[in-house]
Amino acid sequence: MLANEQTVEELVQESYQHGFVTDIESDTLPPGLSEETIRLISAKKSEPSWMLENRLKAYRRWLTMVDPEWAHVEYPEIDFQAISYYSAPKQNQGAKSLDEIDPELLDAYNKLGIPLDEQKALSGIAVDAVFDSVSVATTFRQNLADAGVIFCPISEAIREHRELIQQYLGSVVPYTDNFYASLNAAVFTDGTFVYIPKGVKCPMELSTYFRINEAKTGQFERTLIIAEAGSSVSYLEGCTAPMRDENQLHAAVVELIAMDDASIKYSTVQNWYPGDENGKGGIYNFVTKRGDCRGDRSRISWTQVETGSAITWKYPSCILRGDNSVGEFYSVAVARGMQQADTGTKMIHMGKNTRSTIVSKGISAARGQNTYRGLVRIGQNAENARNHSQCDSLLIGDKCGAHTFPYLEVRNPTAQVEHEATTSKISEDQLFYCRQRGLSEENAVSMIVNGFCKEVFNELPMEFAVEAQKLLNITLEGAVG
Amino acid sequence: MNQMKPNTMLSINNLTVEVEGKTILHGLDLEIGKGEIHAIMGPNGSGKSTLSHTLSGRDGYQVTAGEALLDGEDLLSLETEERAHRGVFLAMQYPVELPGVNNMTFMRESLNAVRRARGEEELDAVSFIKLVRAKAAEVKLDPKLLKRDVNSGFSGGEKKRNEILQMALLEPQLAILDETDSGLDIDALRIVADGINALRSPDRSIILITHYQRLLDYIEPDFVHVLSEGRIVRSGDKQLALKLEEQGYGWITQEAAA
């Protein structure tokens, strides 16, 4: 039996495919955080003064807050003065076309499988490429503009779409929300802005690809998606980073707003560097994501495949404010090596006849610790609200852990709330059965894991479902090869 | 070791196996010719399952002495899946469930893994579906079960038929059926036995591991062996199985001890 455990252990040893560093000259602020740093960031972004005021307000608030400790994760205290809060590749400033972008940068994205050249891009998918603190390119903007869709870096939106930004930024996740959201509101550098006008079905999949490259920098991006009445959009984000020995902080805020009959589908394939098998290095992924179903019959759907990061702390949530609105959360989270994941969702039912669905699949391998934490709250006016939650955990090996913390708060007697949870283990019997039929152990593990995740992968846009499946194979692939 | 006869499929010599430090097989010898069916019977704890798991390469079975040659090749040094590629098939006593893994996909991956290892071309989806449907009809497996997850929620009889279907697809040289009859009612037993009989061939050897002689009413073995305390203590033809049915194992184990 021992021999088998060792092979399973080998199987879950990492092989991180995106660990390269791009050698590019960058404009990087020295480490440290003060009002001065924030003024510098704001100036580099040529921001209007109201934006700077917002940032400073958030910073002053943040100074009064403490790092939350309730999550089931452990890490040494973060020294916020040791982080650089701004880093941008030098030549990019003001690039109007791909010809003006440093070929090293284009090459980095090619290596990641995200060609920024529209001719070579995946058809039907527009990409905003964020490198460290700035957006370096946004493809298919013209095609989208023809449909009335705004898809641009958020720093540009702050300058050019002032009314929308002032009305919506911080309206779902206020700067007072939590420690990392306040920090983000103070120092965010770039991210993506999406606006879908009334009645428009966005003609392309939109996506943002986040890349951390510089050492000792943090990435603080901000995404805002607004879907006006009767509109719909599908958006996907991907993330990777080089393999480095130190931990790097990624603290993003994502806000979604769906008006009457609008629908937003937000998918994440997160593959930040997870650190080595002894827990050295890796990204701290401390993210606040929240969607507001503001209109009646609106729908927000979160799908996430979380395979990377040393620590993941995120709860993409839905506020079901509009009557008959729908919130969904589909998640696959992998914790292997020394990874820790504390992730889940919040479904806040406020409107009548609101419905929510939660499907969470946690995979723990090696010494990984995977926690599902979810809140379902049915407010007193939420007549006939319904929720169904399903939380499944899969264990590979016997040194990992799976934990489930469901919180239910029901204040209306007409609510129907269901919670199901299972924990299973890839057994020696299953592996033997597959191998006896000629499959390698790797194939067997990947087949069982993919079967376990099927319900969630079915929710991803097709191209990405294939990617996610491949990523999961790589993530759990062993020395065998 | 022994000189192999030209028509030998499997030659086991002095096989000694430990499980968790305890010796279970004590120098077992067995010679199986091509196209032959051998029934191995014996009381609980005599080592029947240890033999099937050792031959198919399950972890945790430590071979401390002896050898097993498949078509002249050292079987015991091969990985589990390599043995499957060489044509060793074990129909399990308790086929496991693989939730989320589609039965048809599983069988196709399995068949193609074996074909790849043999340097044969993989079957495309269409040819595979045709093949698997035809074979499923032969073993009277409800085609709906092909669309379900592997063995998930299958009845005992359906699980065993699903095993025989995989055996029919993989066309093994050496099939080991580990208590395939256990837990089957008489109708299910007949269907499974028909499936196995249909797979009799001059190029295929079959080991039937069973407690009861009733399976042998449907599948006529060429040889019957009695396993006791990790050794074959008596071999004969099917008359031996009938005698065991009447008189139990006591007389043989006593003779062996004497």
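View 1. B:Ala39 stands opposite B:Val224 in strand S11 of chain B. Strand S3 (residues 37–41) and strand S11 (residues 223–228) of chain B run parallel and are joined by four bridges. Strands (E, at least two residues) and helices (H or I, at least four) are DSSP runs, numbered from the N terminus. This is a predicted model: local features need pLDDT of at least 70, side-chain atom pairs count only at pLDDT 80 or more, and totals for chains, interfaces and linings use all residues. Residues are numbered from 1 along each chain as its sequence is written, while chains are lettered from A and ligands numbered from 1 in the order in which they are written.

**View 2. The open sheet of chain B.** Six strands line up in the order S6-S9-S10-S3-S11-S12, with mixed pairing. Two strands pair if DSSP finds at least two bridges between them. S6 and S12 (231–236) of chain B are the edge strands, and each pairs on one side only. From one strand to the next, the twist averages 20°. Helix H5 of chain B packs on this sheet and touches S6 and S9; its direction makes about 170° with that of S6(B). Axes are lines fitted to C-alpha atoms, for helices over the stretch in contact, and angles run from 0 to 180 degrees between N-to-C directions.

**View 3. Helix H5 of chain B in its surroundings.** At 1.5 Å a residue, the 15 residues of H5(B) (residues 156–170) should span 21 Å; the end C-alpha atoms are 22 Å apart, which agrees. The expected span is 1.5 Å times one less than the number of residues. Of the 15 residues, 12 are buried, so H5(B) is largely enclosed by the rest of the structure. Buried means 20 or more other C-beta atoms within 10 Å of the residue's own, with C-beta atoms placed from the backbone. Among the buried residues are B:Lys159, B:Arg161 and B:Leu170. The buried residues pack against S6 (88–91), H3 (103–117), H4 (125–138), S9 (174–178) and H6 (186–198) of chain B. Just after H5(B), B:Glu171 takes a positive phi of about 45°.

**View 4. Where chain B meets chain A.** Here 21 residues of chain B are in contact with 20 residues of chain A. Contact means C-beta atoms, placed from the backbone, within 7 Å. H3(B) gives the most to the side of chain B that touches chain A, with five residues.

Definitions and conventions: Two residues are in contact if their C-beta atoms, placed from the backbone, lie within 7 Å.
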